Amino acid sequence: MPIDYKASGVDVDAANKEVDLLKDIVKKTYTKGVLSELGGFSGIFELDVNEFKNPVLVSGTDGVGTKLKLAFMMDKHDTVGIDCVAMCANDILCQGAKPLFFLDYIATGKLIPEKMAQIVSGVAKGCLDSTCALIGGETAEMPGFYSNGEYDIAGFCVGVVDKQKIITGENIKPGDIILGLPSSGVHSNGFSLIRKLFFEDNKYKVDDYIEEFGKTLGEELLTPTRIYVKEVLDLLKNYEIKAMSHITGGGFYENIPRMLKDGLRAVINMSEFSTPAVFQYIQKLGEIEIKEMYRTFNMGIGLVMVLDREIANNIISQYESRSEKIYIVGEIIEGERGIDLCL
């Protein structure tokens, strides 16, 4: 009996429907550099070289990790795309790069166009928040590879910075101040521990209301990663930021040393910023040591910046005038490259 591709589990018509559903969503992200349309073999972007004296491209790639399991459990798919963009755009921002464009990759066992449209709507929202265009992507239908209803998403972002303005950390000196921008929650790291703690060991449900959070457990954990692009690029117009670190996998211990040069150490004052309820709850429920918490989670600080003390004070005043939160989380001292946590 003859079979066709659809009988093997791959629905080309569903893929075409997905593209039709996405066209208007994706077009909202287009900037003046976009020269291609969705559905082509590649995304084409024209770099405005007149805007930069010596343009350097900066790129980053990442996914969302096992946070996706929460999306599956809640059947809510319109925020994980934001996470995917945030993980990439925030990373390249640390070198001072302005994001230009983004491409995504989604793989699933069975392509459901409406679900894919929800996912990509989140990607588009993340791109708008990152000032970059979504110029292409790939959806792979892989029957027999993923469990029913599950998928994976990854992406990459390309940005640009003037060569002389690349942030390298070379100008950091002892006495410089470390400022921290608050996170929106857990972001997209530590979810293997979270899933074990809440759902395997303690049998929580995603719709359990947690008084300390003021919302359900699922709503708290699925909160999308904060994107710092617009506010940091605005700061870079007027201030020298010597170094930045995106607090992702590995927490403070792995990420902050990445922005330091040899002979310099970061001292982090934990009492200078508030730890959100979700991290306090996780620590108490799992009886987790404080060092392990700071090695795994962002603990309420999603991005840190190193600046001269005077500049740091100016930025703090600017944030306070807008009733926005920013914290002095520590300072730079001489010593072996690494960090010290202090109460």
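Q: In which sense do β8 and strand β10 pair?
A: They run antiparallel, and four bridges join β8 to β10, residues 301-307. Two strands count as paired if DSSP finds at least two bridges between them. Strands (E, at least two residues) and helices (H or I, at least four) are DSSP runs numbered from the N terminus.

Q: And what is the bridge partner of S245 in β10?
A: V304. By the way, this is a predicted model, where local features need pLDDT of at least 70, side-chain atom pairs count only at pLDDT 80 or more, and totals for chains, interfaces and linings use all residues. Residues are numbered from 1 along each chain as its sequence is written, and side-chain values use heavy atoms, leaving out hydrogens and water.

Q: What's the strand order in the open sheet?
A: The six strands go β8-β10-β5-β11-β9-β12, with mixed pairing.

Q: Which strands stand at the edges?
A: β8 (243-246) and β12 (338-342) do; each has a single partner strand, so one side of each lacks a neighbour in the sheet. Direction ignored, neighbouring strands are turned by 25° against each other on average.

Q: Which strands does helix α3 touch?
A: α3 (residues 80-93) packs on the sheet, touching β8 and β10 (contact means heavy atoms within 4.5 Å), and its direction makes about 165° with that of β8. Angles run from 0 to 180 degrees between N-to-C directions, with axes fitted to C-alpha atoms, for helices over the stretch in contact.

Q: New topic: how do α3 and α7 pack?
A: α7 covers residues 229-236, and the two helices pack at about 10° with axes 10 Å apart. They are therefore roughly parallel (under 35 degrees).

Q: Which residues make that contact?
A: A89, N90 and L93 of α3, with V229, V232 and L233 of α7.

Note on methods. Angles under 35 degrees count as roughly parallel, over 145 as roughly antiparallel, 65 to 115 as roughly perpendicular and the rest as oblique.
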